[in-house]
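Biologist: I have a model open on my screen. Please show me how to read its features, one at a time.

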Amino acid sequence: MNSLALLAVVTVLQTAPSPAPPEGLVDDVRKLESAETNDARFDVLSAMLRGRNLTFTVEPFTIEKPIGREPRTEGRNVVVSIGEGAEQLVVGAHYDAVRLPDGTLSKGAVDNAASTVMLVRLAEAVKAEKLPLRLKIVWFDMEELGLLGSAKYVQQHASDRIVAMLNFDINAYGATMLFGPSERTDSAGLRRAVVQTCATEDMSCIGLPQMPPGDDRSFVKVGIPAMSLGIVSAVEAHQIWLMMNAGANSGLAQGSVPAILRTIHTAEDTSAKVDVETVARVLRFALSLVRTVGRR
């Protein structure tokens, strides 16, 4: 190809419009946001799945006593199973929201309704695909109480041949994907798949040796390769990298906190923070990543 032809191709790629975001993404986030209890969030999620003709199972579990301000002792993981095969890829996000100091439920839009809605659309997009392994899309409960839903899932599925786990947490705005744990040798294949997908989707990505606590850790604890993924602004991504890696030597001004940490677990975690283009882009990224991992 000569240089003029190459320039023409590049120009077309740069000017081609991005696909329109699927309709109703933020509306679905608002439905979860409006729930006043985590039981109500479960009802909203169940209705979304039924509305898209997605068959799902509910896996209940019990904890001994209420934790903190959350009155429940009964939790429910929600599972959509797609495809066949002995080996399984788990793709998850937590759907519960945290209780605020006054006892009310956070709107939980960024943490983690946006990822919850994104996985509903992912399940719908891949339900007819033929992957060489079984895809388990799981919405975990009680993540905010200490990753309890994912820990129960791992315990209940100890005999399953889970080859990898992808966790989506905090995916509502921004353009820089954080992923990790990025340096574990047992997750090298997942790291390569994420890096490949970042290039394919032209996404700015930063690997962290350790992500903030998320449901991926329940899988890592039992030796299952896992990767957690979240998207924020470029500035916040670099601030978080410094906080997670440099500690007191991060160079951040004293008291400086990334905006995301001033949003989650506060009354500010509302759908006003959710950018539809970002959620749609993460959906495209997740689809590409699942297809890459699923066919390795």
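Biologist: Is Y153 buried or exposed?

Modeller: Buried means under 20% relative accessible area, exposed over 50%, and partly exposed in between, with a 1.4 Å probe and protein chains only. Y153 has a relative accessible area of 0%, so Y153 is buried. This is a predicted model: local features need pLDDT of at least 70, side-chain atom pairs need 80 or more, and totals for chains, interfaces and linings use all residues. Residues are numbered from 1 along each chain as its sequence is written, and side-chain values use heavy atoms, without hydrogens or water.

Biologist: Where does Y153 lie?

Modeller: Helices are DSSP runs of H or I with at least four residues, strands are runs of E with at least two, and both are numbered from the N terminus. Y153 lies in helix α5, residues 148-156. The buried residues of α5 are L148, G149, S150, Y153 and V154.

Biologist: What covers the buried residues of α5?

Modeller: Contact means heavy atoms within 4.5 Å. The cover of the buried α5 residues includes strands β1 (57-62), β2 (74-82), β3 (87-94), β4 (134-140) and β5 (161-171). Helix α7 is also part of that cover.

Biologist: How many aromatic pairs does the structure hold?

Modeller: Rings of Phe, Tyr and Trp (its six-membered ring) pair if their centres lie within 6.5 Å; planes under 30 degrees apart are stacked, over 60 edge-to-face, and the rest tilted. The structure holds 3 aromatic pairs. One of them is Y153 with F219: the centres are 6.3 Å apart and the planes at 40 degrees, so the pair is tilted. F219 lies in helix α7 (residues 216-220), so the pair ties together parts that are 66 residues apart in sequence. F219 is buried too, with a relative accessible area of 0%. Ring pairs also bring in F140, and link F140, Y153 and F219 into a cluster.

Biologist: Now the core. Which residues of the largest nonpolar core touch the most other members?

Modeller: In soluble globular proteins, nonpolar side chains tend to be buried together. A nonpolar core is a set of buried Ala, Val, Leu, Ile, Met, Phe, Trp, Tyr and Cys residues joined through side-chain atoms within 4.5 Å. The largest one has 70 residues, and I137, W139 and L166 touch the most other members. Helix α4 (residues 109-126) gives the most to this core, with 11 residues. A second, separate core of 12 residues includes V90, V138, F140 and I162.

Biologist: Which residues is L166 in contact with?

Modeller: Leave aside the neighbours within four places in sequence. The contacts of L166 are then L89, V90, V91, G92, L190, M227, L229, L289 and V290. Now take the chain as a whole. Of its contacts with a separation of 6 or more, 80% come from residues 24 or more positions apart. The chain has 296 residues, and 51% of them count as buried. Its secondary structure comes to 9 helices and 8 strands.

Biologist: Which residues does the disulfide join?

Modeller: A disulfide is called when two cysteine sulfur atoms are within 2.5 Å. This structure holds 1. C198 is joined to C205, with S to S at 2.0 Å. The torsion about the S-S bond is about -100 degrees, so the disulfide is left-handed. C198 is buried at 7% relative accessible area, whereas C205 is partly exposed at 24%.

Biologist: Last, the backbone. Which residues are joined by a cis peptide bond?

Modeller: Most residues other than glycine have a negative phi, and most peptide bonds are trans. D111 and N112 are joined by a cis bond, with omega about 20 degrees. N112 lies in helix α4. The bond from G180 to P181 is also cis, with omega near 5 degrees. P181 is in the loop between β6 (176-180) and α6 (188-200).

Biologist: Where is M142 found?

Modeller: M142 is in the loop between β4 and α5. Its phi is positive, about 60 degrees, although M142 is not a glycine. M142 counts as buried, at 0% relative accessibility. H265 has a positive phi as well, about 65 degrees. H265 sits in the loop between α8 (234-245) and α9 (276-294), and counts as partly exposed at 39% relative accessibility.
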